[in-house]
Amino acid sequence: MTDTLDAAAPTQERRGMWTSAYATFVGTWQIGTYFWIAVVLISVGLTFVLDRWSEVDSSVADGILGSAPIFLGVMGIVVPLAMLPLHLAGGATRRSFVRGIVVAGVGLGLTFGLAGALGMLVESVVLDALGWSATAESSALYDSSGDFLGIWLSWGLSSTAFFLGGTAIAVGYYRWGGVRGTAFLVPVVALVVGGETVLGGGVYSVAIDAAVGDDVVPAVAAVLIALAAVATLAALVHRALRDIPLNPSATATC
Amino acid sequence: MFDGPEPIYIQIAEQIRAQILSGDLPEEAQVMSTTQYATTFRINPATAAKAFAILVDEGVLEKRRGLGMFVAAGAHERLLEEHRAAYLEKVFRPAVEQADLLGIPRSELVSYLTSSPATTEGTPR
Amino acid sequence: MTTPYGAQLTDVTVRYGKGDPALDGATFAIRPGTVTGLLGRNGAGKSTALALLASLRRPTSGTVLVDGQDPFENAVVMAGVQLVRESGDVLRDTSVKETLGYYSELRPTWDTDLAESLLDQFEVSREQRPDRLSRGKQSALGCVIGLASRAPLTIFDETYLGMDAPSRYAFYDALLEDYTAHPRTVVVSSHLIDEVERLFEDVVVLHHGKTLLAETADTVRDRAVSLVGPTSAVTKLADGRRTLSTRSLGGTTQITLEGVLEPAELSLARDAGVEVARVSLQDLFIHLTQETVR
């Protein structure tokens, strides 16, 4: 090894950030690959079943591929907390860890969003070719009928928000326990659900669209609001992690 | 190994002196390095280094730059001189005192000494 | 080359919630370049003190310095400290390879060749998940991480307890070999004092969160001496000195005294047929921490 500890602090911070970002991104995608295989199989299977006994008049994949943000939320709960002790024991700072998690969250959002948008694109092409018409449920930005960029952006931002939200919740409980952890959870959930809804996804947007119309929030504003939600979630992750003490390990004798 | 009441480095130094005296470590011979000593006896290298430092001070060992630690020329003779002096004081005198205590006459000690066979080659001076 | 780190805890207290503090005003120094033994009974605060050095947490009060600086969130200082905890800070559910990869990416001083040869030596599979390794192999993995880190301050916290005796001795040998070739500061906490006491240059003993002693191992060994011999002679020698323990059997008595014997006393003892021996660090530790049991 030719490197020495003369390396300045910024070098170390960068090293820590990219190491945690890479490990989080790759680790999540390793499991994520199984997720995508599963959702594609389910989508295809369900499409055939519906075609056989019913009628395909809207996207089948929408609801299934759309669970990607939820999956990332779970990964956000599991992966960073599993890596934190290793990161600190490896002599890297919490600061670099937070940055790495945020970078990974953005990367995961972009790639999961892209995968989802591609899935939707493929489905609409297939449905078109078979002469089935998928009607749009429609919302401001996100439209299951096949606005590729819209779906990518919408699912991508939601995915990042879910991932960071999952991390914030997990770290909050790890650090503060039941009561304060739950108090910390409230704004996190509000930001995640709010961001998703304003982007036109999630369980509430259909109802809200029905009540107030789906063009209330212009697309650009929706994206900006979602970006602000993601930034706030990143700040909450930072808040929970920036000076987190590692609990004494359960097996150690102290 | 090294269970005596003295600090370990003193015991190590004593052990090396004994090896030189007995001829197991001839003059000019290389002695184990600090590292070898540390790993062989599972002791802290600083402890071994301390023992070596004492022996270098005494002129028993000499450090050759880049080569290691060697038994100094004349070390055997010097140790022999020291131990001879110490022998009379520390071993022989208590033995004589003990003999006095037990009522063994000096003449009997002398005749024992002159009649007992030498245990090593060479004659006592 | 990197220079070994020293460390200093000054009046450090750490509280976890309610109850007695884990550390209660502890003060001690780790001299750079030494192998220091950190001893203490269960709950004495060893792991907590080591967690402070590795910036795993901050003290409730008091100051912690590593290489002269507050280590907490200090990128350069932290990069030079490797703490190996018994629990093992590893990625439990992916291969050993992944964990080592993470360390090698993070650590500027990591030695991949050393890690590889130690994995072979301890027969730790690179493909296995850490949580599926036997306890001994998990400990061995910790030893590999600690040694290969080449960190200027490398800390082993009860790391090798799960290993069998041959593996432990192989670890001591590997540690000594690497330590002499690449000088650094090593802190070892262990309950197996007999096995490791000769590795120590310095010894720190914690007791109920306080520093019981912090001095060179030679000084510690001079704290007590054991006498075995005829009861009358032994008691005469012990007269006026502090006795740590006494055991009698027939006319023979074994006494552990505080302090050392002067040369004159030594020859007196010899003349009286009293055997003078050093007290092992283990025994001394038991005496020291027993007498103050609450």
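Visitor: How are residues, chains and side-chain values handled here?

Guide: Residues are numbered from 1 along each chain as its sequence is written, chains are lettered from A in the order in which they are written, and side-chain values use heavy atoms, with hydrogens and water left out. Because the model is predicted, local features need pLDDT of at least 70 and side-chain atom pairs count only at pLDDT 80 or more, while totals for chains, interfaces and linings use all residues.

Visitor: How do you know which chains touch?

Guide: Contact means heavy atoms within 4.5 Å. There are 2 pairs of chains in contact, and chains A and C share the most contacts. Chain A and chain B do not touch, and their nearest C-alpha atoms are 22 Å apart.

Visitor: What makes up the contact of chain C with chain A?

Guide: Here 48 residues of chain C meet 39 residues of chain A. The helices and strands are DSSP runs (H or I, at least four residues, for helices; E, at least two, for strands), numbered from the N terminus. On the chain C side, helix H1 (46-53), helix H2 (75-78), strand E5 (81-85) and H3 each supply at least two residues. H3(C) gives the most, with 6 residues.

Visitor: What is meant by the area buried between chain C and chain A?

Guide: Buried area is the accessible area (1.4 Å probe) that two parts lose on being put together, summed over both. For chain C and chain A that comes to about 3,500 Å², with carbon and sulfur atoms giving 58%. Glu73(C), Tyr102(C) and Leu106(C) supply 21% of the area that chain C buries against chain A, more than any other three residues.

Visitor: Why is the pair Asp243(A) and Arg58(C) called a salt bridge?

Guide: The term asks for a side-chain nitrogen of Lys or Arg within 4 Å of a carboxyl oxygen of Asp or Glu. Asp243(A) and Arg58(C) stand at 3.5 Å, N to O, so the pair qualifies.

Visitor: What joins chain B to chain C?

Guide: The contact takes 19 residues from chain B and 17 residues from chain C, and the two chains bury about 1,600 Å² between them, 53% of it on carbon and sulfur atoms. The count of salt bridges between them is 2. In one of these, Lys50(B) pairs with Asp218(C), the closest N and O atoms being 3.0 Å apart. H1, helix H2 (34-41) and helix H3 (45-57) of chain B each supply at least two residues to the side that touches chain C.

Visitor: Why is the largest one called a pocket and not a cavity?

Guide: On a 1 Å grid over the protein atoms alone, a cavity is a set of points where a 1.4 Å probe fits but cannot get out, whereas a pocket is an open set with protein on both sides within 12 Å along at least five of seven lines; lining residues have an atom within 4 Å of a point. The largest pocket is lined by 33 residues, of which Glu6(B), Lys90(B), Pro263(C), Leu266(C) and Arg270(C) lie nearest its centre. H4(B) gives the most to this lining, with 10 residues.
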